[in-house]
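Take a look at the chain shown here.

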Amino acid sequence: MGRFLRIEAVAPAMKREPPQTEEGWYVLHDLRRVDWDAWRSAPERDRDRALTDGIDYLEYYEAVEDSSEGQSAVYTVLGDKADIMLVHLRPTLSDLDAAERQFEQTEFARYTERATSYVSVTEASGYTEKAREYFEGEVDDDSGLAQYIQARLHPEIPDDEFVCFYPMSKRRDPDQNWYDLPFAERAEHIKRHGNIGREYGGKVSQMIAGSIALDDHEWGITLWGDDVTHMKDLLTQMRFDPSTSKFAEFGSFYLGRRFAPADLPAVLNGQRVPADGTRADAERSVPAGSESAAGDGHAANGGESHHAETATSEQTGGDAGGHGGVHPGSSAEGDHPHDSGETASDDADGEDADGEAADGADADDGDHPAGGGGRPSPGDVSYDEVDDLHQRVGTLGLYEGDDYDAGDYGLLFYSSEDAEDLADEVGDLRESFDHYDRHVATTVRAQSGQAAVVSIWTAKEAAETAAGFLGDVSGVAEKYGGHLGEADAGDDADGSESDTATESEAASEEIREQLAEMDIYAGQPHGEDVFALVLYSEADPDDLSTEVADLRESFDHYDTHVKTAVYEDQGSETTAVVSLWETQSAADTASGFLTDLPEIVGRPDDGDGFGTMGMFYTVKPDHREEFVETFGEVGELLAEMDGHRETALLANREDENDMFIASQWDAREDAMAFFRSDEFAETVQWGRTVLADKPRHVFLA
């Protein structure tokens, strides 16, 4: 019996049609672990620098000052996979590259290590006829469909409290290969998946970002919401849909809670962020130079460093609390092209349901209500404002003149807790409050079996910020606030300068105008286009220079920093540190660090008299010797003038041609007599030929 060889033809595999896609912003999920041992063992000063640097980086990126457009946010991460997650959306990969590298340049980065990261790009794809019309250019740019897809490509990060991020891919097993499915079958899966998502509109928002060729999986999925159980329910339902049960493969899941950059110290201190239903952010100013927009509260979020006078991002918290408040550029300011329901309606397992969402009646007419916007924002702690607070704190042993000045603002909160038990809790807050110049005192007193917390500030706005923290103290029920007596006639009740100060300012303006006629800039202690800090030190100049170099390296991260240097007197052992900034708030922040330098003995404006400082005396190298000789001659002239106390010429230790002249006088009129003299006019005229820059004079008292 013969054998027959049977040959069967095998049909070649059919190439499947991929969906059309359009890409938008690039996305970086940057997850970091904190080196807790290094953080705990670091000196407080180093931690303060790291916090200042970290907060400034986060605020800079949330404000999108590094790019023309985009979004950024920062989250704590629950569990052991990471501690902090930064999310950046930017137009280009180079923007993300810079964001990574700039973070590594911060002092805060020294205490972190990367746990993992994920790179992707926002993506819109279409499986329906309408979606394909968009990709083929058959849809008007102002149509609802076009707006919807653009919103997918350029999303806004919602202000929801929780974020869930996970990477995923579609399965490619021999019997379960997503990419072998016909286009129509894939489209049906996507449609059904999108129907599940739409049930969670208004509860869960999502961002789909493709990562083929960019990272290890095929998509990065980010979900946002104020209730984690909504995310859990959504994904549970999707797990039972064949698109997931047959074809989805997941990476690790990361759950986080959003916090404002100013809350970084609280996060590092293990404090609740935001506090139970109420939060009052410490106002701060970093050397990036942001100006205050919300008063001058300085209540720290636990160990926050020298921050003063910048707008806070208010938050309303709780684990699933409501949020309000608007930050510039948020959807609450309008023109948000889709609501959270639209985003939730997409396929949370990867390829989106653009076409299905767009097929609805709302997609083409563009009727997409604006989504809620703004960073998470706290409600204020209310208290009864009373006129007799000075009498009430007097019964607790706190008196004007000894414990506070007339016109200060106080808070008096009564607690049902034992005073001794309350002392430690309030002590932690007091340690944070003490970083701020406007904090006067915070203490716990016992009275008639009841504990009382008293906190005193030089300004009401600062006290109101502190109230947000004190309101969370255990057992607090009764809350009072008020001014402690009447401010002196020379001061306003809120601590601002009086008419006398206004007259002084007018006199300073007169001086500046007179000097301006001679083409000489004249500023105030914190002048118009430069804000100067001058501190004197008795430390060894070499040691001082080393310390200042470390500070300057940190200061140089900020655009508002002009320069910081050590200067030595040419004729004595006087050593000064000069730091120049473009904004007063940045200079004020820097002063907190500069005063920690070794053996600081004061500023030029300490004490009585009237001081001036001639700055930017950058001498042409060929004329340096001549300049020093001429200064000696002018010094002899000054010594003979009424009211002159002393004048010193100091040179930069790193650049001998960079100098400043500091003078001290009995009174303003004495200094002006010199400025009006012919000798001064002649010196100014001569200086134009030997100086490389325009001289500037700063009045220091």
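Two strands count as paired if DSSP finds at least two bridges between them. Keep in mind that this is a predicted model.

Start with strand β1, residues 20-34. One example is Glu23, whose bridge partner in β4 is Glu123. Strand β1 also pairs with β3, residues 84-90. Here seven bridges join the strands, again antiparallel. Leu31 stands opposite Met85 in β3.

Now look for the nonpolar residues. In soluble globular proteins, nonpolar side chains tend to be buried together. The largest nonpolar core in this model has 23 residues. Which of them touch the most other members? They are Tyr57, Ile84, Leu86, Phe108, Leu264 and Leu268. At least two residues of this core come from each of α2 (44-62), β3, α3 and α9 (264-268). Helix α2 gives the largest share, six residues. A second, separate core holds 22 residues, including Val381, Leu411, Leu422 and Phe433.

Next comes Tyr111, in the loop between α3 (93-104) and β4. Is Tyr111 buried or exposed? Tyr111 counts as buried because its relative accessibility is 9%, and the cut-off for buried is under 20%. Leaving aside neighbours within four places in sequence, its contacts include Arg33, Asp35, Trp39 and Asp46. Tyr111 and Arg40 are 71 residues apart in sequence, yet their C-alpha atoms are 10.0 Å apart in space.

Move on to helix α15, residues 460-470. This helix is mostly covered, with eight of its 11 residues buried. Among the buried ones are Ala462, Thr465, Gly468 and Phe469. What do the buried residues of α15 pack against? They pack against β11, α14 (419-433), β13 (450-457) and β14 (476-483).

End at Asp408. This residue sits in the loop between α13 (389-394) and β11 (409-415). Asp408 is buried, yet it has no salt bridge. The nearest side chain of opposite charge belongs to Arg438, 9.5 Å away. A polar atom of the Asp408 side chain does lie 3.0 Å from the backbone nitrogen of Asp405. Setting aside neighbours within four places in sequence, Asp408 is in contact with residues including Val440, Trp457, His483 and Leu484.

Technical notes: Residues are numbered from 1 along each chain as its sequence is written. This is a predicted model: local features need pLDDT of at least 70, side-chain atom pairs count only at pLDDT 80 or more; totals for chains, interfaces and linings use all residues. Side-chain values use heavy atoms; hydrogens and water are left out. Helices (H or I, at least four residues) and strands (E, at least two) are DSSP runs, numbered from the N terminus. Buried means under 20% relative accessible area, exposed over 50%, partly exposed in between (1.4 Å probe, protein chains only). Lys and Arg count as positive and Asp and Glu as negative; His and the chain ends are not counted. A salt bridge is a side-chain nitrogen of Lys or Arg within 4 Å of a carboxyl oxygen of Asp or Glu. A polar contact is a pair of N or O atoms within 3.5 Å; within protein, one must be able to donate a hydrogen and the other to accept it, and residues adjacent in sequence count only if both atoms are side-chain atoms. Contact means heavy atoms within 4.5 Å. A nonpolar core is a set of buried Ala, Val, Leu, Ile, Met, Phe, Trp, Tyr and Cys residues joined through side-chain atoms within 4.5 Å.
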